Amino acid sequence: MIDRPISDIAYNQFLQEEKLMGSKCEQCGTVYVPPRPICIECRKSDMQWIEMKGKGKLAAFTSISIGPSFMIEEGYNRKNPYCVGVIELDEGPRVDARIENVDASKPDDIKVGTPMTVKFLHRGEGIDKKTYLAFEPL
Ligand SMILES: [Zn+2]
């Protein structure tokens with residue numbers, strides 16, 4: 001059992017530790033990623049942490065050529081777009097993530113249903129340190 005309250009803060013701490021964690025309802029078994037403290041299916045708050053294996057399939061994606069400033073700082077722009085998407089995890093839940101190691105300038109070559117594996121992107125230093133969830137083709 002993991003002794004951390006179920007919260008976005010703890011979820012992000014786990015990402016820094018390269019763990020993709022969700023919460024599982026002990027009553028009905030529904031799994032949430034990012035974790036929820038209360039089950040929206042049965043309204044119970046009997047939740048436990050559960051670690052995802054980090055495998056799934058690409059369910060949807062989009063190429064972004066004009067992103068937020070922190071993406072522009074990473075060198076992404078109209079000529080060098082990046083890809084974000086939704087991954088359907090093997091455990092069931094769907095999670096938003098950056099999609100790495102695909103050619104975002106050729107979205108026709110990126111296929112929904114592609115098997116994907118998790119990748120943790122560590123950015124920044126000190127208090128600005130943040131880990132982003134990403135997936136890449138297996
Ligand atoms: Zn439930």
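Three strands form an open sheet in the order β2-β1-β3, with antiparallel pairing; strands are DSSP runs of E with at least two residues, numbered from the N terminus, and two of them pair if DSSP finds at least two bridges between them. β2 (31-32) and β3 (47-51) each have a single partner strand and stand at the edges, so one side of each lacks a neighbour in the sheet. Strand β1 (residues 21-25) runs antiparallel to β3 and is joined to it by five bridges. In this pairing M21 is opposite E51 of β3.

This is a predicted model, in which local features need pLDDT of at least 70 and side-chain atom pairs count only at pLDDT 80 or more, while totals for chains, interfaces and linings use all residues. Residues are numbered from 1 along each chain as its sequence is written, and side-chain values use heavy atoms, with hydrogens and water left out.

The zinc ion has the protein donors C25 (SG), C28 (SG), C39 (SG) and C42 (SG), lying 2.3 Å from it; donors are N, O and S atoms within 2.8 Å of the metal (3.2 Å for Na, K and Ca). Angles among the four donor atoms are 101 to 119 degrees, and the site is tetrahedral (four donors, all angles between 85 and 135 degrees). Along the chain the donors follow the spacing C-x2-C-x10-C-x2-C. C25 in strand β1 and C39 in the loop between β2 and β3 are 14 residues apart, a pair that links distant parts of the chain. C25 is buried, at a relative accessible area of 1% (buried means under 20%, with a 1.4 Å probe and protein chains only). C39 is also buried, at 0%.

Definitions and conventions:
Helix = DSSP H or I, 4+ residues; strand = E, 2+ residues; numbered from the N terminus. Tetrahedral: all angles 85-135°; square planar, octahedral: opposite > 155°, others 65-115°. Buried < 20%, exposed > 50% of the residue type's maximum accessible area, 1.4 Å probe, protein only.
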